[in-house]
Amino acid sequence: PTFKEAAKLLMKWLEEKTSGGSIAWLADGNWDLEIMLPKQWRSAFEIPMPASWKEFIDVRRIFQQVYPSGLRIGPGKLAMMLEF
């Protein structure tokens, strides 16, 4: 499906599963959800992204607060986060 079709399916699924309740996305860094997703949304829908889609938790930032020495790069990064 196109981005627009996939987003509509996801919105329908979220409405069914959450009954309109609050949601927050999880991301490894802010680029995908803070920068790229809004651009993709505007391109597909020609309107700003809904506020509910702007709430996200930056797992990388939280992890770095707990482990200031940082994350491994590559496949070990996910394993480190899962150990947390």
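Asp28 is partly exposed, at 34% relative accessibility, where partly exposed covers the range between buried (under 20% relative accessible area) and exposed (over 50%), computed with a 1.4 Å probe and protein chains only. In this predicted model, local features need pLDDT of at least 70 and side-chain atom pairs count only at pLDDT 80 or more, whereas totals for chains, interfaces and linings use all residues. Residues are numbered from 1 along each chain as its sequence is written, and side-chain values use heavy atoms, with hydrogens and water left out. The side chain of Asp28 meets that of Arg60 in a salt bridge, at 2.9 Å from N to O; the term asks for a side-chain nitrogen of Lys or Arg within 4 Å of a carboxyl oxygen of Asp or Glu. By this rule the count is 1 salt bridge. Asp28 sits in the loop between strand E1 (25–27) and H2, and Arg60 in helix H3 (residues 59–66), so the pair links parts of the chain 32 residues apart. Arg60 is likewise partly exposed, at 30% relative accessibility.

Turning to the overall layout, the chain has 4 helices and 2 strands, taken as DSSP runs (H or I of at least four residues for helices, E of at least two for strands) and numbered from the N terminus. Their order from the N terminus on is α-β-α-β-α-α. Of the 84 residues of the chain, 23% count as buried. The chain exposes about 6,300 Å², with 58% of it supplied by carbon and sulfur atoms; the areas come from the Shrake-Rupley method with a 1.4 Å probe. With contact taken as heavy atoms within 4.5 Å, 55% of the contacts between residues at least 6 apart in sequence join residues at least 24 apart.

The largest nonpolar core has 9 residues: Ala7, Leu14, Ala27, Leu33, Leu37, Trp41, Phe45, Met49 and Trp53. Such a core is a set of buried Ala, Val, Leu, Ile, Met, Phe, Trp, Tyr and Cys residues joined through side-chain atoms within 4.5 Å. Helix H1 (3–18) and helix H2 (31–45) each give two or more residues to this core, and the largest share, 4 residues, comes from H2. In soluble globular proteins, nonpolar side chains tend to be buried together. Leaving aside residues up to four places away in sequence, Ala7 touches Trp41, Phe45 and Trp53. Met11, also found in helix H1, is in contact with Trp41, Phe45 and Trp53 when its neighbours within four places are set aside. Met11 itself is partly exposed, with a relative accessible area of 29%. Met11 and Trp53 are 42 residues apart in sequence and 9.7 Å apart in space, C-alpha to C-alpha.

Helix H2 deserves a look of its own. H2 has 15 residues and reaches 20 Å from its first C-alpha to its last, close to the 21 Å expected, the expected span being 1.5 Å times one less than the number of residues. H2 bends by about 35 degrees at Leu37, with a proline, Pro38, following within four residues; the bend is the angle between axes fitted to the seven residues ending there and the seven starting there. Buried residues in H2 are Leu33, Leu37, Pro38, Trp41 and Phe45, and the buried residues of this helix pack against H1, E1 and strand E2 (56–58). Just after H2, Glu46 takes a positive phi of about 60 degrees, in a residue other than glycine. Glu46 lies in the loop between H2 and E2 and is exposed, with a relative accessible area of 69%.
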